[in-house]
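Please look at the sequence and the structure together, and keep both in view while reading the explanation that follows.

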Amino acid sequence: MAKLPDPAISNIFTLQRSLVECLDSCTAMEFSLFQQIGETAETLPELEELQNIRERLVSSCSRLHNLLMRIYQSQPIAPDDMLNLLDRSLSQTQASLDVSIASLLDIQRNWN
């Protein structure tokens with residue numbers, strides 16, 4: 001079984017937790033906006049953006065999980081290309097998470 005160093009695993013799980021927390025905030029914001037104002041011409045762009053954010057967050061979380069499982073199923077060590085893919089995915093996921101948080105804050109400012 002291929003193993004990753006503990007700091008790498010902790011980093012993955014911390015990032016996944018951040019994705020899940022952001023997903024929770026996104027879903028709550030979408031529900032609140034829909035509940036308070038409804039689907040109108042003014043809210044439709046933000047509701048669609050929230051849906052897009054949710055899809056990106058779920059996709060990022062799934063990608064990290066799948067890569068981690070594939071690495072741990074590798075024998076006797078994980079291939080370098082898979083480790084490189086994990087590194088790139090971590091960087092891309094963090095960047096996507098940062099953009100998602102910024103978008104959520106913008107939507108929140110617009111409707112509060």
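The expected span of a helix is 1.5 Å times one less than its number of residues. With this in mind, and remembering that the model is predicted, we can turn to helix H3, which has 32 residues and reaches 46 Å from its first C-alpha to its last, close to the 46 Å expected at 1.5 Å a residue. Helix H1, residues 6–36, can be read in this way too, for its 31 residues reach 45 Å between the first C-alpha and the last, close to the 45 Å expected. After H1 comes Gly38, whose phi is positive, near 90 degrees.

The next topic is packing. Two packed helices are described by the angle between their axes and the distance between the axes. Helix H2 (residues 44–72) packs with helix H3 (residues 80–111) at an angle of about 160 degrees, and their axes are 10 Å apart. Because angles over 145 degrees count as roughly antiparallel, H2 is roughly antiparallel to H3. The crossing of these two helices, H2 and H3, is left-handed, and the residues of their contact divide into 15 nonpolar, 7 polar and 5 charged.

Which residues of H3 are buried? Among them are Met82, Leu86, Leu90, Leu97, Leu104 and Ile107, but also Ser89, Thr93, Ser96, Ser100 and Ser103, and what covers the buried residues of H3 includes H1 and H2. In H1, the buried residues include Ile9, Ile12, Leu15, Leu19, Cys22, Cys26, Met29 and Leu33, together with Gln16 and Glu30, while the cover over the buried residues of H1 includes H2 and H3.

Note on methods. Residues numbered from 1 in each chain as written. Predicted model: local features only at pLDDT ≥ 70, side-chain atom pairs only at ≥ 80, totals over all residues. Heavy atoms only, no water. Axes fitted to C-alpha atoms, helices over the stretch in contact; angles between N-to-C directions. Helix = DSSP H or I, 4+ residues; strand = E, 2+ residues; numbered from the N terminus. Parallel < 35°, antiparallel > 145°, perpendicular 65-115°, else oblique. Left-handed = near helix turned anticlockwise from the far one by under 90°. Nonpolar A, V, L, I, M, F, W, Y, C, P; charged D, E, K, R; others polar. Buried < 20%, exposed > 50% of the residue type's maximum accessible area, 1.4 Å probe, protein only. Contact = heavy atoms within 4.5 Å.
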